[in-house]
Amino acid sequence: MLQNLKQFFDRHMLPASREQGQGAQHALQVATAALLFEVMRMDGELKEVERHAMTAAIQARFELTAEETATLLRLAEAEAEQATDYYQFTALINQHYTPAQKEQVVEHMWQVASADHEIDRFERTLVHKVADLLHVPRPAQIAARERAMHAARQHTK
């Protein structure tokens with residue numbers, strides 16, 4: 001299901017991380033980007049403010065090149081059309097990341113969901129579902145949501 005994204009992840013992110021020593025963080029960022037796209041499209045509308053939040057997170061926060069960002073967005077969009085569940089992808093994250101990194105994934109998802117200042121039930125359900133699959137405890141999920149919503153309020157001031 002997410003084979004193309006996994007191949008991109010394996011080909012571009014894992015070798016670079018072994019060489020740079022920052023591989024886990026860089027790979028986490030790429031994996032998160034795919035989930036961010038899912039959040040963006042979850043409410044049935046591809047809102048420009050959410051797309052901007054996702055792209056900004058991928059480029060600025062994740063320090064990806066323009067080429068990596070463009071490739072990842074194309075793959076994420078293609079996979080989103082075929083995805084029926086997220087277990088295969090979250091299982092990959094569970095194998096490689098710490099609890100703090102998993103919480104960071106959840107926080108980034110909340111950031112995209114709250115970019116338009118309204119989190120609909122589909123976005124909320126998706127974030128909770130992914131957080132549960134990543135074994136992020138409820139108190140950590142709530143803290144991640146509060147940080148994301150605080151950041152969204154700060155961007156509108």
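Predicted model: local features only at pLDDT ≥ 70, side-chain atom pairs only at ≥ 80, totals over all residues.
Let me start with the overall layout. We have eight helices and zero strands here, so the pattern along the sequence reads α-α-α-α-α-α-α-α. The protein has 157 residues, and 50% of them count as buried. If you take the contacts between residues at least 6 apart in sequence, 77% of them join residues at least 24 apart.

Now, a word on confidence. The mean pLDDT of the protein is 78, and 73% of the residues reach 70 or more. Among the elements, helix α7, residues 121-133, has the highest mean pLDDT, at 94. At the other end is helix α1, residues 3-20, with the lowest mean, 55. Over residues 15-21 the pLDDT is below 50, and beyond near neighbours in sequence that stretch has four contacts in the model.

With that said, on to the charged side chains. As you know, side chains of opposite charge can pair when their charged atoms come close. How many salt bridges does the structure hold? The count is seven, and I would like to walk you through some of them.

My opening example is in helix α2, which covers residues 23-42. The side chains of R41 and E38 meet there in a salt bridge, 3.2 Å from N to O. Why are these two separated by about one helical turn? Because they are three residues apart in that helix. Is E38 buried or exposed? E38 is buried, with a relative accessible area of 5%, whereas R41 is partly exposed, at 25%.

Next comes R138, which forms a salt bridge with D132; the closest N and O atoms are 3.3 Å apart. Both ends are partly exposed here: R138 has a relative accessible area of 41%, and D132 has one of 38%.

Then we have E146 and R145, another salt bridge, with the closest N and O atoms 3.4 Å apart. E146 counts as partly exposed at 38% relative accessibility, and R145 is partly exposed too, at 22%.

Finally, which residues are linked in a network of salt bridges? Those are K47, D116 and E118.

Notes
Residues numbered from 1 in each chain as written. Heavy atoms only, no water. Salt bridge = Lys/Arg side-chain N within 4 Å of Asp/Glu carboxyl O. Helix = DSSP H or I, 4+ residues; strand = E, 2+ residues; numbered from the N terminus. Buried < 20%, exposed > 50% of the residue type's maximum accessible area, 1.4 Å probe, protein only. pLDDT = per-residue confidence, 0-100. Contact = heavy atoms within 4.5 Å.
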